[in-house]
Amino acid sequence: MLSRLFELREELKVFLIDKGMNYLYEQLCEPKIEMQIAYLADIFAHLNHLHFQLQGFGNVKLEGSANIFAFEDKVRAFVCKINLWIDKTQVKNYSVFPTLQVLIDDEHYKCFTVDIQNNVLEHLRVLKEEFTRYFPEYGVVNTDVVKKVIRNPFTVEVNNVQEEMQEELIDLQNESNLKSSFEYSTNFEEFWCKKAMGYPNIQQTALRFLMVFSTTYYITLAICQTTPSRKPDQFTTMDGLPVLREITREMRNQLDFLEWGRNANEPKFQI
């Protein structure tokens, strides 16, 4: 939307004059306002790209998989990009903001570049603070041992994990076929659900993390499958609660079945 607004700004000026909206017309004619719109068009393009990545579009890593680890990586990478953009802006390098770059190179806008640089730096810093506030655990590489085990159980020090998992982890790390299977597995879910059934303590811990809904977008998709007459943008989070309960119930039944397959006694897995 902002990109189209910037591209059609001259046509918009004509429209505002025709409608007698002189104040808005004068604002839009201000070079500084034009530069601000150009920057907003660029930064929202980056945010939209992240949004699509978190939905799995154009992201090979997320095809057929939607675990929290893949999304953590994407959010953490975006925060690192913001740091890079801040560094570049400080030296007046606007290559990551191509729409703004066009105006920066224009002599007509030259006297406003300092103000715009300060505005961009301030906005990027606030944006970083907001991401850090919403996702505090993504600001640095996760050091949680349990998550390290799930990401790659073959690189974790046995002494760093809980005692009930240590001997299982030793057995797992020394099973060469399982290691090869992990290296060539398409996703975490396939490995921990199908390949690691001989290691119940580690498997149950992994499944507790992998069951987490990483984004409500997938809940919306599930609703769309049950009510095809409605589009994804017509749903709210409250619409997804019944579907979420049904999905959780089904997942609980499947996990109980896995536990029953290992032991004929009453299922021990609790959610």
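Biologist: What is the relative accessible area of Gln173?

Modeller: Gln173 has a relative accessible area of 22% and is partly exposed. Buried means under 20% relative accessible area, exposed means over 50%, and partly exposed lies in between, with a 1.4 Å probe and protein chains only. Please note that this is a predicted model, in which local features need pLDDT of at least 70 and side-chain atom pairs count only at pLDDT 80 or more, while totals for chains, interfaces and linings use all residues. Residues are numbered from 1 along each chain as its sequence is written, and side-chain values use heavy atoms, leaving out hydrogens and water.

Biologist: Which helix holds Gln173, and what does Gln173 touch?

Modeller: Gln173 belongs to helix α9. Helices here are DSSP runs of H or I with at least four residues, strands are runs of E with at least two, and both are numbered from the N terminus. Not counting residues up to four places away in sequence, Gln173 touches Pro153, Phe154, Thr155, Val156 and Val158; contact means heavy atoms within 4.5 Å.

Biologist: At what angle do α9 and α12 cross?

Modeller: The axes of α9 (residues 163-173) and α12 (residues 200-210) cross at roughly 100 degrees and come within 8 Å. Axes are lines fitted to C-alpha atoms, for helices over the stretch in contact, and angles run from 0 to 180 degrees between N-to-C directions. The two helices, α9 and α12, are therefore roughly perpendicular to each other. Angles of 65 to 115 degrees count as roughly perpendicular, under 35 as roughly parallel, over 145 as roughly antiparallel, and the rest as oblique.

Biologist: Which residues make that contact between α9 and α12?

Modeller: From α9 come Glu164, Met165, Glu168, Leu169 and Leu172, and they meet Pro200, Asn201, Ile202 and Thr205 of α12. By class, the contact of α9 with α12 has five nonpolar, two polar and two charged residues. Nonpolar covers Ala, Val, Leu, Ile, Met, Phe, Trp, Tyr, Cys and Pro; charged covers Asp, Glu, Lys and Arg; the others, Gly among them, are polar.

Biologist: How far apart are the axes of α11 and α12?

Modeller: The axes of α11 (residues 188-195) and α12 are 10 Å apart, at an angle of about 145 degrees. The crossing of α11 and α12 is left-handed, meaning that the near helix is turned anticlockwise from the far one by less than a right angle, whereas clockwise is right-handed. Phe188, Glu189, Trp192 and Cys193 of α11 meet Ile202, Gln203, Ala206, Leu207 and Leu210 of α12. These residues comprise seven nonpolar, one polar and one charged.

Biologist: Changing topic: how do α4 and α7 pack?

Modeller: Helix α4 (residues 31-54) and helix α7 (residues 113-134) cross at roughly 30 degrees, and their axes come within 10 Å. That makes α4 roughly parallel to α7, and their crossing is right-handed. Among the α4 residues in the contact are Met35, Tyr39 and Leu47, and among those of α7 are Ile116, His123 and Phe131. By class, this contact has 10 nonpolar, four polar and two charged residues.

Biologist: How many disulfides are there?

Modeller: The whole structure has zero disulfides, a disulfide being a pair of cysteine sulfur atoms within 2.5 Å. Cys29 is partly exposed at 28% relative accessibility, and Cys80 is partly exposed at 47%.

Biologist: What is the phi of Lys92?

Modeller: Lys92 has a positive phi of about 60 degrees although it is not a glycine. Most residues other than glycine have a negative phi. Lys92 lies in the loop between α5 (68-90) and α6 (98-104) and is exposed, at 57% relative accessibility.

Biologist: Finally, how many helices and strands does the chain have?

Modeller: The protein chain has 14 helices and zero strands. Of its 271 residues, 36% are buried. Among contacts between residues at least 6 apart in sequence, 61% join residues at least 24 apart.
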